[in-house]
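This report describes the strands, helices, cores and selected residues of one protein model. The sequence and structure are shown first.

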Amino acid sequence: MIKELIVVEGKSDTVAVKRAVEADTIETGGSAVDRRVIAKVALAMERRGVIILTDPDHAGERIRKIVSSKVPGCKHAFIPEKDATRKGDIGVENASPEAIRHALANVHTSFEGAPALIGLDELMAAGMLVHPRAAERRMALGNALGIGYCNGKQLFKRLAMFGITPEEFQAALTQIDQGGNIT
């Protein structure tokens, strides 16, 4: 049984999570996260802790931002887009139990206002910004670090927010570059 409550978008996500692990969920009911949902998440945070597990798409990231800004200290679990896509549909409900367990085993806690350990110069040198394949490289990096895909500005913030060290960053870059599929 996972101690924390898991915030998901809808009923199908709850079903998928419960196939993978024994856990309780809070459903946002979509991207219009209302005050009642926030109140439930805040209470859950006080009593048991919270893990946010939303779809790896724009709407899921929007929900993640809303919830984590209103309820600080949430943990974050990310499923790579390739593991959450079936027949062109992206969502937690499409992920295998193994992918969900992997995401929940590799949660990150955000530290709002944390200092950046990796600068924009390092991101530029690593091909994460202003590079012909920057988006692909950011997706591969996000998957390697377990922090999900984001644009360049958000990557800079997310690396700081999750306290990714230069050593972790370099190890992920090495993994990407040795994989040979992204240059």
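## Conventions

A polar contact is a pair of N or O atoms within 3.5 Å; within protein, one atom must be able to donate a hydrogen and the other to accept it, and residues adjacent in sequence count only if both atoms are side-chain atoms. Helices (H or I, at least four residues) and strands (E, at least two) are DSSP runs, numbered from the N terminus. Buried denotes under 20% relative accessible area and exposed over 50%, with partly exposed in between (1.4 Å probe, protein chains only).

The model is predicted: local features need pLDDT of at least 70, side-chain atom pairs count only at pLDDT 80 or more, and totals for chains, interfaces and linings use all residues. Residues are numbered from 1 along each chain as its sequence is written, and side-chain values use heavy atoms, with hydrogens and water left out.

## The sheet and the segment before it

Five strands form an open sheet in the order 2-1-3-4-7, with mixed pairing; two strands pair if DSSP finds at least two bridges between them. Its edges are strand 2 (25-27) and strand 7, each of which pairs on one side only. Strand 1 (residues 5-8) runs parallel to strand 2, and three bridges connect the two. Within this pair, Val7 stands opposite Ile26.

Glu4 belongs to the segment before strand 1. Glu4 is buried, at 13% relative accessible area, and its side chain makes a polar contact of 2.7 Å with the side chain of Lys75. Beyond neighbours within four places in sequence, the contacts of Glu4 are Asp24, Arg48, Gly49, Val50, Ile51 and Lys75.

## Lys18 on helix 1

Lys18 is part of helix 1 (residues 11-20) and is partly exposed, with 44% relative accessibility. Its side chain reaches the backbone oxygen of Ala23 at 3.1 Å. When residues up to four places away in sequence are not counted, Lys18 touches Ala23 and Asp24. Lys18 and Pro97 are separated by 79 residues in sequence, while their C-alpha atoms are 8.7 Å apart.

An α-helix has 3.6 residues a turn, so residues three or four places apart point the same way. Gly146 follows helix 6 and has a positive phi, near 75 degrees.

## Nonpolar cores

A nonpolar core is a set of buried Ala, Val, Leu, Ile, Met, Phe, Trp, Tyr and Cys residues joined through side-chain atoms within 4.5 Å. The largest has 20 residues, and those with the most contacts inside it are Leu123, Leu141, Ile147, Leu155, Leu159, Ile164 and Phe169. Helix 6, helix 7 and helix 8 each supply at least two residues of this core, and helix 8 gives the largest share, four residues. Not counting residues up to four places away in sequence, Ile164 touches His108, Leu117, Ile118, Leu145, Ile147, Leu159 and Phe169.

A second, separate core has 19 residues, including Val8, Ala16, Val92 and Ala99.

## Cysteines

Why does the structure hold zero disulfides? A disulfide requires a pair of cysteine sulfur atoms within 2.5 Å. The sulfur of Cys74 has its closest cysteine sulfur in Cys150, 18 Å away, which is too far for a bond. Cys74 is buried at 1% relative accessibility, and Cys150 is buried at 6%.

## Exposed loop residues

Most residues other than glycine have a negative phi. Lys87, in the loop between strand 5 (85-86) and strand 6 (89-90), has a positive phi of about 50 degrees although it is not a glycine. Lys87 is exposed, at 86% relative accessibility. Val130, located in the loop between helix 5 and helix 6, is likewise not a glycine and has a positive phi of about 45 degrees. Val130 is exposed, with 77% relative accessible area.

Gly113 lies in the loop between strand 7 and helix 5 (120-125) and is exposed at 81% relative accessibility. The C-alpha atoms of Gly113 and Thr165 are 15 Å apart, and the two residues are 52 residues apart in sequence.

Technical notes. Contact means heavy atoms within 4.5 Å.
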